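Please read the following report alongside the sequence and the coordinates.

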Amino acid sequence: MQYSYRKILEISLPILLGMIIHQMVGMTDTAFLGRVGAIELGASALAGVFYIMVFMLAAGFGIGVQIIISRRNGEKNFEKIGGVVYQGISFLFIAAIVIIAATFLFSPYILKQIISSDEVFRETLVYLDVRIYGLLFAFPMVIFRSFFIGITQTKVLTYNAFIILGINIVLDYLLIFGKFGFPEMGIAGAALASVIAECSATVFFVIYILLNIDLKKYGFLNFIVYKITILKQILRLSVWTMLQYFISMATWFLFLIAIENLGEESLAISNILRNVSSFPFMIVAALGATANTITGNLIGEGLDSEVKKSSLRVVKLTYIAVLGLSVIMLAFPQTICRIYTDDLELIKKGLAAYYASFTTYITLVPGMILLSVISGTGKTKEAMYLEMVSLIAYTLNVWYVVIYLRADLYICWTCEHSYNILLSILTYVYLKRNKWCCQIV
């Protein structure tokens, strides 16, 4: 298959739309909790990033699953895909149980050491104690997502995302504010709404596969035998992306913790900026996932020579989309920020940081896309090393600017340039030196 600009868009647009709708779940929580109070808003930011940080372990595992599925899809070995899906779901479900238990045991102590405000700490635990149960549904959902992206049938991701969004909006309104006879749960209501929405979306994936996917073709009707060899194959690829994703999100969590030490107001502003700036980031993430599965399918078909060409096309499309959206969002900053809070003084204080946050996308695109390409070749270990070097530079920059200098918030939000520029250089040099040759999967 030749991946033209049109084909790339056909694969990436449903992924992007699904990500946008998923992001609107977080946006809904932020918008509702912004009407409750700054403490709840900041606490939901910390707890939300903590949850995502844990979720990134599953997301990294899912990338390994996706690489194998896309390679088998390219090779036309469809009957082997079902076994990979079964192995992935069973492993992540057990992992979710272990992580939930560990969270209840250790998170109060860990969060107490790093959150300076007692009120923010208390509300963070209230949210997390409910939200963490969502892992039981979010982890299996990662594998379903990897399956559909791997076989390049991505439209279902949009339907799934609409289910999550619709249920979350309704339940947020009912449970946060206690409408129509429901209990007024505040921040805990936002957490419970998200858990129920994720459960519903997981059930939808199961029903969709049963009704719309050729179960025999993809090996779903084969007798389920949990083979350690398949799990080892997945882990050989995914252990590096799991570490990569977890450490990457942990670094972002440390950035928010550093901001929290500047004050509750700075944390509340940063939570708003985190939600706003995530929209351009989702374009990068969606096209990165597309580059990953295209690379796997091309190698599976024996078209290794097409990888660089398709990668360049993805980078160009990403820049066009990101810069176009950024221009629109930069033109209406106050209107967009008012989605998340009606505190005009808070919005005014955060405008400089709002503008600064968008500058990072100028330097982000090449590194993120090329890193996904490197992972798609099966070189997940090398991809992790490249990102770790970049994250170390970013962490040092955050320490110097935020902790040591205690710089203005808008300067703090430019720290990401150090990560973006170094990652772009490292990934480009790696591919330029022809070290991308495919790994046996």
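How many disulfides does the count come to?

## Cysteines

In this predicted model, the count of disulfides comes to zero. Two cysteines illustrate the result, and the cut-off that matters here is that a disulfide needs a pair of cysteine sulfur atoms within 2.5 Å.

For C415, the closest cysteine sulfur belongs to C412 and lies 5.9 Å away, which is too far for a bond. For C337, the closest cysteine sulfur is likewise in C412, but at 17 Å, again too far for a bond. C337 is buried, with a relative accessible area of 5%, and C415 is buried as well, its relative accessible area being 2%.

## Aromatic pairs

F144 is buried at a relative accessible area of 8%, and F205 is buried at 1%.

Another pair is formed by Y173 and F177, with ring centres 6.4 Å apart and planes at 65°, so this pair is edge-to-face. Both residues lie in helix 6 (residues 155–177), where they are four residues apart, about one turn of the helix. Y173 is partly exposed, with a relative accessible area of 34%, and F177 is also partly exposed, with a value of 25%.

## A cluster of rings

F144 and F205 also take part in a cluster linked by ring pairs, which includes F78, Y86, F147, F148, F204, Y208, Y218 and F220 besides these two.

## Charges over rings

Two arginines are placed over tyrosine rings: R131 lies over the face of Y51, at 3.9 Å from the ring centre, while the charged end of R313 sits over the ring of Y5, 5.6 Å from its centre.

Where does Q66 lie, and is Q66 buried or exposed? Q66 has its place in helix 2 (residues 38–75), and with a relative accessible area of 1% this residue is buried.

When neighbours within four places in sequence are left aside, Q66 is in contact with S146, I149, G150, A289, N292 and T293.

Conventions: Residues numbered from 1 in each chain as written. Predicted model: local features only at pLDDT ≥ 70, side-chain atom pairs only at ≥ 80, totals over all residues. Heavy atoms only, no water. Buried < 20%, exposed > 50% of the residue type's maximum accessible area, 1.4 Å probe, protein only. Phe/Tyr/Trp six-rings, centres within 6.5 Å; stacked < 30°, edge-to-face > 60°. Helix = DSSP H or I, 4+ residues; strand = E, 2+ residues; numbered from the N terminus. Lys NZ or Arg CZ within 6 Å of the ring centre and 35° of its normal. Contact = heavy atoms within 4.5 Å.
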